[in-house]
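Please open the structure in a viewer and keep the selection panel at hand.

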Amino acid sequence: MVKILDISVGLHSQLPTWPGGLNFQLESTKTIDQHGVNVSKMASSVHVGTHVDAPSHFINGGLTVEQLSLETLIGRALVISVADVTAITANLLNQLNIPKDTERILFKTANSQLWERGISEFKQDYVALTADAAQWVVDAGIQLVGVDYLSVQRFNDSPLTHEILLTAGVVILEGINLAEIAPGEYQLICLPLKIIGSEGAPARAVLLPYNCSNG
């Protein structure tokens, strides 16, 4: 059987949340003992845990999450380990010998260890892309970029990283956990919730061995 590698973060109330954001909340509204059935309700930001950013997150009139191409969200992806860096820059990307036909990149950084350790406190010093790295991604024709913390841009940076990527139609996958994933090629399947009109949505993202698919 093909081994399916789940790179999603489980949703629960102790997940780190972007400052000012609504953390994930799950509340029981009915129980089997009292009502014969278990029913729950949930509330959270759409940018909680593993999630996708659509262009409308930063671009007025941009595509919303249900309009994103499934062909972009599913396909061959390259996991790249950059565990010892504090930022992903264009200069770094130039040194990585990324194949020119790469369409999806998932960056494995020191961030993934935060998920593994169950750190619930939001960390401002997470690793992310600089604006020149975002432009490198666009110029390289990459269609999807994934990062292993809650934002593709650094905490104190301007929105430019997001704006460069989303203006070019690059799908942003944030909050993945790559701690147990070896660098290399995989088949990515990423399915955000189909929330009509939303600028983002939580997603279940998994990897399959690339040789088990046609890409």
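A residue is called buried under 20% relative accessible area, exposed over 50% and partly exposed in between, with a 1.4 Å probe and protein chains only. The model is predicted, so local features need pLDDT of at least 70 and side-chain atom pairs count only at pLDDT 80 or more, while totals for chains, interfaces and linings use all residues. Residues are numbered from 1 along each chain as its sequence is written, and side-chain values use heavy atoms, with hydrogens and water left out.

Select N91, which lies in helix α3; helices (H or I, at least four residues) and strands (E, at least two) are DSSP runs, numbered from the N terminus. N91 is exposed, at a relative accessible area of 51%.

Although N97 is not a glycine, its phi is positive, at about 55°. N97 is exposed, with a relative accessible area of 69%.

**Second selection: the nonpolar cores**

A nonpolar core is a set of buried Ala, Val, Leu, Ile, Met, Phe, Trp, Tyr and Cys residues joined through side-chain atoms within 4.5 Å. Select I88, L93, F107, L129, V137, V145 and L165, the residues with the most contacts inside the largest core, which has 26 residues. Two or more residues of this core come from each of β5 (74-81), α3 (90-95), β6 (104-108), α5 (131-139) and α6 (160-167). The largest share, 4 residues, is that of α5.

Centre the view on I88. Leaving aside neighbours within four places in sequence, I88 is in contact (heavy atoms within 4.5 Å) with V82, L93, F107, T109, V127, A128, L129, T130 and A133. A second, separate core has 23 residues, among them L73, L106, I176 and Y186.

Which residues of α6 are buried? They are T161, H162, I164, L165 and L166. The elements that cover these buried residues include β4 (51-53), α5, β7 and β8 (171-174). After α6 comes G169, with a positive phi near 85°.

Rings of Phe, Tyr and Trp (its six-membered ring) pair if their centres lie within 6.5 Å; planes under 30 degrees apart count as stacked, over 60 as edge-to-face and the rest as tilted. The structure holds 8 such pairs. Select W115 and Y149: the ring centres are 5.6 Å apart and the planes stand at 40°, so this pair is tilted. W115 lies in helix α4 (residues 112-116) and Y149 in the loop between β7 (144-146) and α6, so the pair ties together parts 34 residues apart in sequence. W115 is buried at a relative accessible area of 11%, and Y149 is buried at 1%.

Y126 and Y149 form a tilted pair, 5.2 Å centre to centre with 35° between the planes. Y126 is in the loop between α4 and α5, 23 residues from Y149, and both residues are buried. To view one whole aromatic cluster, select W18, W115, F122, Y126, Y149 and F155.

Finish with I195, in the loop between β9 (184-192) and β10 (200-209). I195 is partly exposed, because its relative accessibility is 30%.
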